[in-house]
Amino acid sequence: MRLPFPISSKWQHRRGLALVMVLILGVILLGMAGAAVRMAQQQTHTRLRYETYKHEFLAAETALQTAYAQLQFLLTHGADDVAAQMAALAPPQLEGYQFPRFETVLLSDGLESVESGQWSGLMLHRLHYRMDVTALKVGGAADRIDHPGASISQHVEITYIPLYLFAIFYDPVMEIAPGPFMRIQGRVHANGDMYVQSDNGLDFMAPVTVGGRIRQGRHVQSGQSGSGGDIRFSTGESLISMRRSDANGWLTNEDEDWAGAAQERWAGGLRDQSHGVTPLALPIPPTIDPHAIIERSDPANDSPALQQEKFENKAGLRIEVRPNGQAVGYDAAGRLVPLTYPDPDRPGQTLSIVRFSEFFDARENTTIRSIDIDLDRLRESGLSPGNGIVYVANERQQNQRLPAVRLVNGAQLPDSIGGGFTVACPNPVYVQGDYNTIQPTLALIAADAMTILSNAWQDARSSQYAQRIAGTTTVHAVCMQGTVPTADGSYSGGVENYFRLLEQWQGVDFNFRGSIINMWESQQARGRWRYGSPLYTAPTRNWSWDPALGGLNGPPGAPRVIELRKTGWEQLALGS
């Protein structure tokens with residue numbers, strides 16, 4: 001069939017070109033559509049991988065926190081081998097996640113010279129751990145993508161700080177308000193708040209750390225009046241007062257600019273919770289009263305950590321006064337040890353290292369029925385334990401009288417194989433006369449409460465205040481005891497009255513070198529602090545920290561507090 005009109009070749013060419021253009025455009029559109037699909041798929045994949053990684057990262061952090069908490073638990077509850085227990089830790093059970101890597105690696109364990117921070121200049125036992133975790137999300141959409149998991153690492157540091165490194169250590173609240181000028185030579189730490197004031201000046205010559213808040217003045221419950229004597233803390237080079245230069249009172253934790261102003265003023269010489277200071281606790285369960293370390297051993301109920309810290313379990317010689325009044329000695333293996341020995345001057349006769357006595361305690365307002373430990377005879381007898389730790393428990397039925405332990409003739413102490421001598425007991429301790437003054441050794445006394453009886457003390461005059469006139473006395477030891485806390489308008493007595501006294505000491509020297517440690521509330525000697533007749537008057541306090549205790553060695557069995565902190569964190573490369 002012929003068309004009624006002719007079609008030119010030019011028109012046919014244009015129709016062909018248009019068709020080609022349509023085909024090219026179609027290909028382009030198809031390509032763009034495919035690219036868009038692929039881009040959408042890629043974006044979906046990227047978003048899914050990001051969401052997966054984000055969840056894996058949170059799971060890894062959860063696993064690290066779990067490992068850190070388990071480390072805290074092991075340190076305070078104890079284990080036969082903490083390092084092995086840490087190496088055997090298992091990852092948490094989190095639904096939808098696997099932990100192909102979960103390990104705690106001990107990097108170092110030993111003595112370390114501290115070059116910076118709170119413990120700068122000390123040689124301390126430190127452990128460094130690295131905790132490595134990789135978390136991998138499994139199941140659901142996570143299985144549709146290739147993802148290496150999230151890997152993170154946390155470094156932690158465990159520091160053991162012997163209590164004898166402190167001139168003063170209080171748990172929880174510390175109060176100090178001396179009348180005469182007082183200078184504190186060594187480190188000071190309070191786990192809770194610290195109340196400071198003075199009548200005639202108070203200088204702290206070494207770093208002071210407070211786990212709570214630093215306050216100038218009296219505790220509101222003390223029932224005592226305030227005073228305005230100066231208080232100065234050390235920068236390491238000079239002493240700077242707590243007084244504000246603008247005469248607007250004192251610089252304390254209650255001020256808005258406290259943290260920065262304190263750092264600027266004392267260069268780290270005075271720090272509290274605002275500067276990151278935390279309480280330093282014994283390595284025992286936090287629910288346990290620290291008083292437990294001087295109490296009798298209870299293997300059926302004591303945690304492994306508490307068993308390790310109890311003095312009775314450390315003792316090489318244990319002296320027990322049974323309820324019937326019989327005194328019995330045991331060695332570390334539980335074998336009977338005689339408490340008598342042959343008299344070197346009288347053949348056929350024996351001497352006893354213990355005796356029973358009674359005297360009146362005006363603060364407790366009761367008669368004390370004591371077992372006296374003659375330390376000179378213990379030294380002479382050869383019965384003193386090789387490890388230097390003696391534990392004494394007086395459980396005698398007292399008929400309303402207070403059971404106690406008295407240390408007599410202690411000017412020269414027994415020594416031990418490793419050096420030093422420690423006495424611990426769950427009862428109040430009375431130290432009569434000079435202690436550790438002849439060939440002094442590293443000494444520790446730990447008790448429910450501690451009362452110093454001077455060289456002039458006589459039991460027969462104990463109930464007659466007018467005749468209780470003190471004589472110059474010297475004590476050289478690390479001392480751990482409890483106090484009766486400030487409450488209901490009654491003052492604890494503060495650091496200045498840490499040692500309980502029962503004599504008229506005015507004008508008489510009481511010389512003390514050592515550490516003052518308050519770790520618990522007294523449970524047996526509950527008499528509150530009072531001053532003057534019929535209790536006591538204050539001595540001339542020649543007190544100082546013993547720098548010989550600041551080295552690697554201390555008294556045998558001396559407790560340590562523990563500091564656990566995170567020191568570094570890193571996010572490992574994907575897939576590493």
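User: What counts as a salt bridge here?
Analyst: A salt bridge is a side-chain nitrogen of Lys or Arg within 4 Å of a carboxyl oxygen of Asp or Glu. The model is a predicted one.

User: Which residues are linked in a network of salt bridges?
Analyst: The network of salt bridges links Arg-296, Glu-312, Arg-318, Glu-320, Arg-322 and Glu-395.

User: And how many salt bridges does the structure hold?
Analyst: The structure holds 30 salt bridges.

User: What does Arg-369 form a salt bridge with?
Analyst: Its partner is Glu-358, with the closest N and O atoms 2.9 Å apart. The pair links distant parts of the chain, since Arg-369 lies in strand S21 (residues 366-374) and Glu-358 in strand S20 (residues 354-361), 11 residues apart.

User: Is Arg-369 buried or exposed?
Analyst: Arg-369 is buried, at a relative accessible area of 12%, whereas Glu-358 is partly exposed, at 39%.

User: How far apart are Arg-379 and Asp-376?
Analyst: They are three residues apart in helix H6 (residues 375-381), so about one helical turn separates them.

User: Changing topic: in what order do the four strands of the open sheet run?
Analyst: The order is S6-S9-S12-S13, with mixed pairing. Strand S6 (182-184) and strand S13 (239-241) are the edge strands, each pairing on one side only.

User: In which sense do S9 and S12 pair?
Analyst: Strand S9 (residues 202-204) and strand S12 (residues 231-234) pair in the parallel sense over three bridges. Phe-204 stands opposite Phe-233 in S12.

User: Which helix lies across S12 and S13?
Analyst: That is helix H3 (residues 258-266), which runs at about 145° to S13.

Technical notes. Residues numbered from 1 in each chain as written. Predicted model: local features only at pLDDT ≥ 70, side-chain atom pairs only at ≥ 80, totals over all residues. Heavy atoms only, no water. Pairing = 2+ DSSP bridges. Helix = DSSP H or I, 4+ residues; strand = E, 2+ residues; numbered from the N terminus. Contact = heavy atoms within 4.5 Å. Axes fitted to C-alpha atoms, helices over the stretch in contact; angles between N-to-C directions. Buried < 20%, exposed > 50% of the residue type's maximum accessible area, 1.4 Å probe, protein only.
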